[in-house]
Amino acid sequence: MKLYNQLTKKVENFKPQDPENVKIYTCGPTVYSFAHIGNLTSYVYWDLLVRTLKANGYKVNRVLNLTDVGHLTSDGDDGEDKLEKGAKREGKTVWEIADFYIDTFLKDFRSLNLEEPSKICRATDYIDQDIKLVNLLTEKGYTYETSDGIYFDTSKFEKYADFAGLNLEEQKAGARVAFNSEKQNNSDFAVWKFVREGEDHAMQWDYLGRPGYPGWHLECSTISATELGLPLDIHTGGIDHIPVHHTNEIAQSEAAFDVQMSRFWLHCNFITIDGEKISKSLGNIYTLSDLEEKGFTPLDFKLWVLQGHYQGTRNFNFEDLTAAKNRLLKWRNRAAKSYQISSKDSISVQILEKVSNNLNSPEAFALIDNTDLSFADWKFIDDLFGLNLIPDLENLPKNLDSLIEERERARSEKNFAVADRIRDELAESNLTILDTENGPIWQYLR
Ligand code: AMP
Ligand code: ZN
């Protein structure tokens with residue numbers, strides 16, 4: 001398999017440390033509001049990654065975290081904790097907010113037919129490990145204390161700028177005005193925040209004799225080391241994570257544990273909607289339920305995502321979603337046709353080659369569109385993309401074959417009343433009959 005690696009900035013051959021235990025860590029959502037289709041895009045691509053690894057014979061061990069504390073509205077060390085903000089907005093406790101949005105996120109996850117991670121971890125279950133990590137960093141001389149927290153001194157981590165190709169000099173000059181005067185370098189980040197006097201922060205733990213909470217990046221360092229062990233094989237996230245979150249995860253983990261954090265780092269690009277950034281002020285934040293209200297299923301959306309490469313910029317609009325919906329129906333009916341009329345060519349190997357080349361789903365899709373496929377191919381494709389393409393044989397009408405025969409007979413006898421009645425009856429089961437050169441076959445209507 002080949003994957004683009006942010007560490008080396010090139011497409012490289014991927015070989016796991018242990019094919020029976022490919023360790024993948026995915027940065028999960030901050031659970032303070034509904035996931036929008038931009039957030040969900042990233043998980044669709046990581047599902048493709050996992051399925052492609054499995055199709056190549058690997059066993060995947062994947063951890064996903066849920067951020068239920070410490071992610072501030074600025075992505076840096078300022079602003080309000082997103083969970084606290086959600087709690088105020090809805091008049092609930094932070095714990096209720098986290099529980100509610102974890103639940104809705106997992107529902108979205110399942111309705112997109114995404115493979116369950118081996119383990120899903122909540123940040124607040126790892127506070128003891130967080131504190132140990134901060135202690136370790138402090139013992140090794142990587143931290144300093146300010147009035148609002150414990151900070152990581154990025155000047156002590158030599159390769160800090162490498163991962164994202166940061167220009168720290170430029171950052172310094174640009175940030176002079178907004179510079180937190182207690183920070184020693186602009187890029188330094190909090191590993192632990194103190195709850196300040198009068199500050200309303202419901203989630204807090206005692207450390208160094210005062211209340212506080214972990215810095216946002218800390219959870220990923222502790223959870224990945226605790227649950228998978230370093231180095232990871234692959235760490236995934238959105239491109240927004242490259243310059244701050246992942247850069248900081250690497251600094252903390254590698255400084256504390258003296259081991260490479262992850263051998264591969266994959267990032268998916270951002271989607272825009274009608275050419276605009278997804279934002280509340282533009283009113284273009286769509287959730288899966290919004291799409292469903294407009295008549296689109298989660299899998300229509302999933303197919304739309306996979307039509308584009310994970311590293312490309314994607315623009316979402318409803319015309320393209322409609323096209324994806326039509327493509328999905330077409331594929332389902334081709335799968336149904338191949339079930340009824342066998343075709344022997346198998347091109348599964350070529351499809352796997354396409355996705356194994358840095359997850360090139362668009363090229364795999366073009367191959368699917370342009371090739372006559374066997375039922376075995378469709379099963380393979382369905383395992384690879386998780387689009388529910390294979391007919392649900394259990395739920396087909398029991399008398400389907402005899403209805404099709406009866407319709408044939410009625411038509412040959414020019415008994416159109418009977419033929420029409422059968423057509424209407426099948427339509428109630430979302431089915432229709434297509435006449436092919438090999439005889440009539442059933443197809444899905446929607
Ligand atoms: P958050 O819950 O804000 O931490 O985001 C969850 C994931 O969604 C992160 O991996 C982000 O990189 C990703 N994400 C957020 N907005 C978009 C977008 N417009 N397109 C693609 N991915 C996004
Ligand atoms: Zn993370």
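Two strands pair if DSSP finds at least two bridges between them. Strands (E, at least two residues) and helices (H or I, at least four) are DSSP runs, numbered from the N terminus. This is a predicted model: local features need pLDDT of at least 70, side-chain atom pairs count only at pLDDT 80 or more, and totals for chains, interfaces and linings use all residues. Residues are numbered from 1 along each chain as its sequence is written, chains are lettered from A and ligands numbered from 1 in the order in which they are written, and side-chain values use heavy atoms, with hydrogens and water left out.

Start with the parallel sheet. Five strands form an open sheet in the order S5-S4-S3-S11-S12. Strand S3 (residues 22-26) runs parallel to S11, joined by three bridges. Threonine 26 has threonine 236 in S11 as its bridge partner.

A second open sheet has five strands with antiparallel pairing, in the order S6-S7-S8-S10-S9. Here strand S6 (143-146) and strand S9 (205-207) are the edges. Strand S7 (residues 149-152) pairs with strand S8 (residues 189-194) over four bridges.

Next, the metal. Cys27 (SG), Cys220 (SG), His245 (NE2) and Glu249 (OE) coordinate the zinc ion (ligand 2) at 2.0 to 2.2 Å. Donors are N, O and S atoms within 2.8 Å of the metal (3.2 Å for Na, K and Ca); water is not among the atoms, so sites may look incomplete. The donor residues are spaced C-x192-C-x24-H-x3-E in sequence. Cysteine 220 lies in helix H6 (residues 218-227) and histidine 245 in helix H7 (residues 242-257), so the pair ties together parts that are 25 residues apart in sequence. Cysteine 220 is buried, at 1% relative accessible area. Histidine 245 is also buried, at 2%. Buried means under 20% relative accessible area, exposed over 50%, partly exposed in between (1.4 Å probe, protein chains only).

Finally, the largest pocket. On a 1 Å grid over the protein atoms alone, a pocket is an open set of points with protein on both sides within 12 Å along at least five of seven lines, where a 1.4 Å probe fits; lining residues have an atom within 4 Å of a point. The lining has 46 residues, and Tyr32, His36, Asn39, Lys82 and Asp240 lie nearest the centre. H1 gives the largest share, six residues.
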